There are 2 protein chains.
Amino acid sequence: MEKMRADARRNRAKVLAAAEEAFALDGLAVPLDDIARLAGVGAGTVYRHFPSKEALFQAVVLDRIQQFAEEARALATADEPGAVFFDYFVRVIRQASLNRAICDALAESSGHAFKAGAGDEFRAAFAELLARAQAAGAVRADIDGDDLRALIVGCLAVERYAPGTEHLLRVVLDGLRAAAATTA
Amino acid sequence: MEKMRADARRNRAKVLAAAEEAFALDGLAVPLDDIARLAGVGAGTVYRHFPSKEALFQAVVLDRIQQFAEEARALATADEPGAVFFDYFVRVIRQASLNRAICDALAESSGHAFKAGAGDEFRAAFAELLARAQAAGAVRADIDGDDLRALIVGCLAVERYAPGTEHLLRVVLDGLRAAAATTA
DNA sequence: TTGGAATCGGAACGGCGGACCCGCTTGCTG
DNA sequence: CAGCAAGCGGGTCCGCCGTTCCGATTCCAA
């Protein structure tokens, strides 16, 4: 990895940058040729550095997901766990709706996507925030980490279907605040 | 349409039945060849009866959507508008999560899908139920018919991502019940 | 029964997109 | 500076899918 030829390293970086941009805009749907063209290289060069389109995608989103997880861990000891939880939830939704790559990554059926476990890290860290908020009585109790992830996917679908409708996010947030017993 | 040859009419019916089954299972993603095979006819026969795959899809879902609209109109004069609204909402979600075709139909960016206006009929009828529930104070006021459709799409995304998690639907329902001012 | 037209069915076409390969280029090393 | 291996690129193959075409078949009416 370190003893690559200089031009190879340069091209690898160009491909990563182009992929980040292209995936952010159109998600996994972007053709690999477009990424190659944007990077100013041939498709073969992309395959020299990454075994498949999927691998390239994961290389692009992995550190962003880890960033999310890191951020969540840093917030795990904060005061006001309720406010912290909701702020974080909103931030994740906002980031993801600006970046189709994150969207697709979160929406992929859990399991085969991040074998490195970045997805699990994220879910675990988020679940910790959730548990604290629940302990503080700020979030209903009948929800767990997996539910949270599903809700995020749902919010992203709403955002994609009707962009710029932030008040719908509030519906979900209020639903999370509600006591479980409210339901008929 | 009436003076078709007997076998033609029979084949048309077989295609419609096969399409209904296949679309219900896999949505628009199902290859047209599969539908033809399931119907026991050739692809050419499908195209004799429907100008495109999209047209076939609409022929399949159109009357179901209209059925929804009809049902909503029938409920528009019922007592207890709040309960009626929530029941209807849940029923739509349930039906759609059992039928990928309805799912895809509702998720398609509004506009080019049902030029006959079945989609608009549905939205209008649902909006009427919504307005009555809001007038009765059972649903928050900062929501309109389009928001509702977006929420449905979101709920369907949740259901598809994590099947069988009905309690997440309750989160949204409780969010709809909540007064708008609850949000920080 | 039979002629011919409507219908059938699946082979063929075209476009798209992911993966691979091979002749040419380029940069490292001695 | 020269030689060679690593790297490059895009042309190519392959599979998938919507659509079209046409020879074979079936139905209807005279």
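Leaving aside its neighbours within four places in sequence, which residues is Val153(B) in contact with?

Modeller: First, the ground rules. This is a predicted model, in which local features need pLDDT of at least 70 and side-chain atom pairs count only at pLDDT 80 or more, while totals for chains, interfaces and linings use all residues. Residues are numbered from 1 along each chain as its sequence is written, and chains are lettered from A and ligands numbered from 1 in the order in which they are written.

Now your residue. Val153(B) is in contact with Ala157(A), Val158(A) and Tyr161(A) from one chain, and with Leu106(B) and Ala107(B) from its own. Contact here means C-beta atoms, placed from the backbone, within 7 Å of each other. Val153(B) also belongs to the largest nonpolar core, which has 116 residues; there Val153(A), Leu156(A), Val153(B) and Leu156(B) touch the most other members. Such a core is a set of buried Ala, Val, Leu, Ile, Met, Phe, Trp, Tyr and Cys residues joined through C-beta atoms within 7 Å. A residue is buried if 20 or more other C-beta atoms lie within 10 Å of its own, exposed if 12 or fewer, and partly exposed in between, with C-beta atoms placed from the backbone. In soluble globular proteins, nonpolar side chains tend to be buried together.

That brings us to the interface. Chain A and chain B put in 27 residues each. On the chain A side, H8 (145-161) and H9 (166-177) each supply at least two of the residues that touch chain B; helices are DSSP runs (H or I, at least four residues) and strands are E runs of at least two, numbered from the N terminus. By class, that side has 15 nonpolar, six polar and six charged residues, where Ala, Val, Leu, Ile, Met, Phe, Trp, Tyr, Cys and Pro count as nonpolar, Asp, Glu, Lys and Arg as charged, and the others, Gly among them, as polar. Of the interface residues of chain A, 100% are also interface residues in chain B, so the copies meet through the same surface.

Back in chain B, H8 (residues 145-161) packs against H7 (residues 118-135) at about 105°, with axes 9 Å apart. The axes are lines fitted to C-alpha atoms over the stretch in contact, and angles run from 0 to 180 degrees between N-to-C directions. H7(B) and H8(B) are therefore roughly perpendicular, the label for 65 to 115 degrees, with under 35 roughly parallel, over 145 roughly antiparallel and the rest oblique. Arg123(B), Phe126(B), Ala127(B) and Leu130(B) of H7(B) meet Gly145(B), Leu148(B) and Arg149(B) of H8(B). Those residues divide into four nonpolar, one polar and two charged.

Notes
Two residues are in contact if their C-beta atoms, placed from the backbone, lie within 7 Å.
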